[in-house]
Amino acid sequence: MNQETVPAGPQLDSPIRNFSVLLSPTPRGARLARLLATEQLRSWGLPLEAPGHIVAELAANAAVHGRVPGRDFRLTLYVVGSTLRIEVTDTCGDRLPQALPTRLDAESGRGLVLVEAFADRWGVDLGPPPRKTLWAELRVLDRGGIAVSDEDRERIASCDDLDTLDRRLDRAITATSASEVFAEG
């Protein structure tokens, strides 16, 4: 009998680390989103402060403005190359977020201003009705204080060796320059 080996489907150029969880659209669910995200980022060796604030604000928006009784919101984190993407999806796609002018003594209304301050990019994607996803992206090596050139970003994105990427991410935690991250050995 002849056997034929079929090559595997398309392969990604770099690994994608991801985490996703459904949570109740309540203040408790929003708080849990931040705690779970922080622990996941810690396990990946990534910065905690800016992503933690972003998760807190996006999850609070889902709990306050995107709440539909009986429906949860989804928190998703993933890292591709040197970029962390944070997504919060709720089932209230007819209510899009708006950054409104806020009085100085107001107790709320600054969430999207904070997201914009901490994120490198952010936006809203409308999903299959009735969903919407608020997302924010951060360049995690830059957040660690390491200047990363476009050439170095390309080296990260084009690397398909998981061991090499893990070593580079481990080094990025304590590195003070991109050359330390990419040192061989």
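R85 is buried in this predicted model, because its relative accessibility is 12% and the cut-off for buried is under 20%. The side chain of R85 meets that of E87 in a salt bridge, with N and O 2.8 Å apart. E87 is buried as well, at a relative accessible area of 16%.

This pair belongs to a network of salt bridges that links R85, E87, R121, D125 and E137. E137 lies in strand β5 and R121 in strand β4 (residues 121–126), so the pair links distant parts of the chain, 16 residues apart. E137 counts as buried at 15% relative accessibility, whereas R121 is partly exposed at 47%.

Another salt bridge joins the side chains of K132 and D90, at 2.9 Å from N to O. K132 is in strand β5 and D90 in strand β3, so this pair ties together parts that are 42 residues apart in sequence. Both residues are buried. In the whole structure, a search finds six salt bridges.

The nonpolar side of the structure comes next. The largest nonpolar core has 30 residues, and L75, L77, L84 and I86 have the most contacts inside it. Elements that each supply at least two residues of this core include β1 (16–23), α1 (27–44), β2 (73–80) and β3 (83–90). The largest share, seven residues, comes from α2.

Technical notes:
Residues are numbered from 1 along each chain as its sequence is written. This is a predicted model: local features need pLDDT of at least 70, side-chain atom pairs count only at pLDDT 80 or more; totals for chains, interfaces and linings use all residues. Side-chain values use heavy atoms; hydrogens and water are left out. A nonpolar core is a set of buried Ala, Val, Leu, Ile, Met, Phe, Trp, Tyr and Cys residues joined through side-chain atoms within 4.5 Å. Buried means under 20% relative accessible area, exposed over 50%, partly exposed in between (1.4 Å probe, protein chains only). Helices (H or I, at least four residues) and strands (E, at least two) are DSSP runs, numbered from the N terminus. A salt bridge is a side-chain nitrogen of Lys or Arg within 4 Å of a carboxyl oxygen of Asp or Glu.
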